[in-house]
Amino acid sequence: MNEENIYSEMLEIPVNTCNITYTPPTKRKRKKKDAPKENVKELAIEKANREFEEQAATPAEESVAAEEVVRAESEQAEETDLQSKPKRKFKVSVIGVQLAVVVLLLGVIVFSNLFMEQSGIAVFFNSIFAPQAEQTDDRAYNSFTPALPTDGDVTVADGVMSFAVKGSVYSPCDGTITALTQGEDGKYVFEITHSEKFKTVIKGVDYAYQELGSTVYGNIPLGYSLGENVELCFYGEDGQLITSYTVDNETDTVVWEV
């Protein structure tokens, strides 16, 4: 027991007591100093740049990775196709054989033409490709059946056929106009060649429908007559006037005398 307390009780000295509660002092939080405005701007710019670079890098990396995947898949597909395709066996082409035969034949022909001019192949091909001579028409006048040059009646005197009918004038046979002249009276003279040994001369035509060198036919008019006298003559071999014929007005044909 405390001696001071005992002594106080003996003297009857009043004693005051109290309870003291002690609380430790609280630490004050220090406020963070605000960063300078310039540092804040720089930090914001750096952060924005960093985010932009990350966003830009990500698609590029993804595209590169996608390209690598596509390349790998295409290479794998090519390898699979190569493995799946069967190896082609060598086959003899029919067309190739035919071409080879043609080339061989051409070589034989050229060789025979150069060194063996009288060989059968050379003679055969020369006969085919040699220019053909123009065939001459040597038919005589009595091989033709001429028709009358007009629809009207005609007369014959000494081998000269005359008619005075207004209308179209026709060639008696098919042929070619080898001469065409116009006289002082304005009328035309036609010379029509039917063969080397037969031709027709028509005089007194008022209008000419055909030109020199034209091919004429028996059913196509070569001119027109106004109704005045028109004459027709036939000429045979060596330009001789043919007189041994008559006309049939009912059939409109010329009849040769035998």
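Ground rules next. I am working on a predicted model, where local features need pLDDT of at least 70, side-chain atom pairs count only at pLDDT 80 or more, and totals for chains, interfaces and linings use all residues. Residues are numbered from 1 along each chain as its sequence is written, and side-chain values use heavy atoms, with hydrogens and water left out.

**Overall**

I find four helices and 12 strands in the protein chain; helices (H or I, at least four residues) and strands (E, at least two) are DSSP runs, numbered from the N terminus. Of the 258 residues, 19% count as buried, where buried means under 20% relative accessible area, exposed over 50%, and partly exposed in between (1.4 Å probe, protein chains only). For contacts (heavy atoms within 4.5 Å), I took those with a separation of 6 or more: residues 24 or more positions apart account for 55% of them.

**Core**

Which residues have the most contacts inside the largest nonpolar core? They are M161, I202 and F234, in a core of 22 residues. Strands β2 (160-163), β5 (188-195), β6, β10 (230-235) and β12 (253-256) each supply at least two residues of this core. A nonpolar core is a set of buried Ala, Val, Leu, Ile, Met, Phe, Trp, Tyr and Cys residues joined through side-chain atoms within 4.5 Å. Leaving aside neighbours within four places in sequence, F234 is in contact with residues including M161, T200, V254 and W256.

**T200**

T200 counts as buried because its relative accessibility is 0%. The T200 side chain makes a polar contact with the side chain of H194 at 2.7 Å. A polar contact is a pair of N or O atoms within 3.5 Å; within protein, one must be able to donate a hydrogen and the other to accept it, and residues adjacent in sequence count only if both atoms are side-chain atoms.

**Salt bridges**

A search of the whole structure gives me four salt bridges, each a side-chain nitrogen of Lys or Arg within 4 Å of a carboxyl oxygen of Asp or Glu. K187 pairs with E228, the closest N and O atoms being 2.8 Å apart. K187 lies in the loop between β4 (175-182) and β5 and E228 in the loop between β9 and β10, so the pair ties together parts 41 residues apart in sequence. Buried or partly exposed? K187 counts as buried at 13% relative accessibility, while E228 is partly exposed at 46%. D206 joins K187 and E228 in a network of salt bridges. I also noted R139 with D137 at 2.9 Å and K199 with E191 at 3.5 Å.

**L226**

L226 is in strand β9 (residues 221-226) and is partly exposed, at 42% relative accessibility. L226 and G167 are 59 residues apart in sequence, yet 6.6 Å apart in space, C-alpha to C-alpha. Leaving aside neighbours within four places in sequence, L226 is in contact with K166, D206 and Y207.
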